[in-house]
Amino acid sequence: MSDFSSKSRFSFNADQVQAMREKLKAANVQTSESENSLYKRYQEVTNSLQEKDDAIQRLEQQLDKQNQLRAQEAKVIEEKAARIKEWVTFKLRELEFENHHLKVTTRKQAEQIQALHTKIQGTKAHLLLELEAKQP
């Protein structure tokens, strides 16, 4: 009986060892599958993060370009505004000069008209006197 029990125990132990090996394999397979799943997920997250970083970088570059364009446009607008201001100032001076010239001309013409009026009045009075003197 001791022979049988030894064989039986050996067989039982061998079965237990086999069962343990299978459990260990299953655990390793599950661990391996779990690790693969985690690694794939890690890669997906890493790729997603990289894509988002790339998108952020592209958007930042676009923003920088837009800011540069706006700065250039602002500079062009300032230059145009300066030229317009310069032109308006020039035109204003030109018109002020012309206005002054017209005022001087108007004053001189008014003086000439007054002088002619006075001369006409004098001539008229002189003619009336001559006419009265010629009348009997």
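**View 1. Meet E44, a residue that is partly exposed.** E44 has a relative accessible area of 46%. Please keep in mind, here and in the views that follow, that this is a predicted model.

**View 2. R41 and E44 join their side chains in a salt bridge.** The N to O distance of this pair is 3.6 Å. Both residues belong to helix α1, which covers residues 2-134. R41 and E44 sit 3 residues apart there, or about one turn of the helix. R41 counts as exposed because its relative accessible area of 51% is over the 50% cut-off. E44, at 46%, falls in the partly exposed range.

View 3. About one helical turn separates K91 from E94, because they are 3 residues apart in helix α1. How exposed are the two partners, K91 and E94? K91 is partly exposed, with 30% relative accessible area, and E94 is also partly exposed, at 33%.

**View 4. I84, W87 and V88 make a nonpolar patch on the surface.** Take a moment to find W87, which is placed in helix α1. W87 is exposed, with a relative accessible area of 53%.

Note on methods:
Residues are numbered from 1 along each chain as its sequence is written. This is a predicted model: local features need pLDDT of at least 70, side-chain atom pairs count only at pLDDT 80 or more; totals for chains, interfaces and linings use all residues. Side-chain values use heavy atoms; hydrogens and water are left out. A salt bridge is a side-chain nitrogen of Lys or Arg within 4 Å of a carboxyl oxygen of Asp or Glu. Helices (H or I, at least four residues) and strands (E, at least two) are DSSP runs, numbered from the N terminus. Buried means under 20% relative accessible area, exposed over 50%, partly exposed in between (1.4 Å probe, protein chains only). Patches are made of residues with over 30% relative accessible area and no salt bridge: like charges are joined within 9 Å, nonpolar side chains (Val, Leu, Ile, Met, Phe, Trp, Tyr) within 5 Å. Accessible areas come from the Shrake-Rupley method with a 1.4 Å probe; for residues, only the protein chains shown count as cover.
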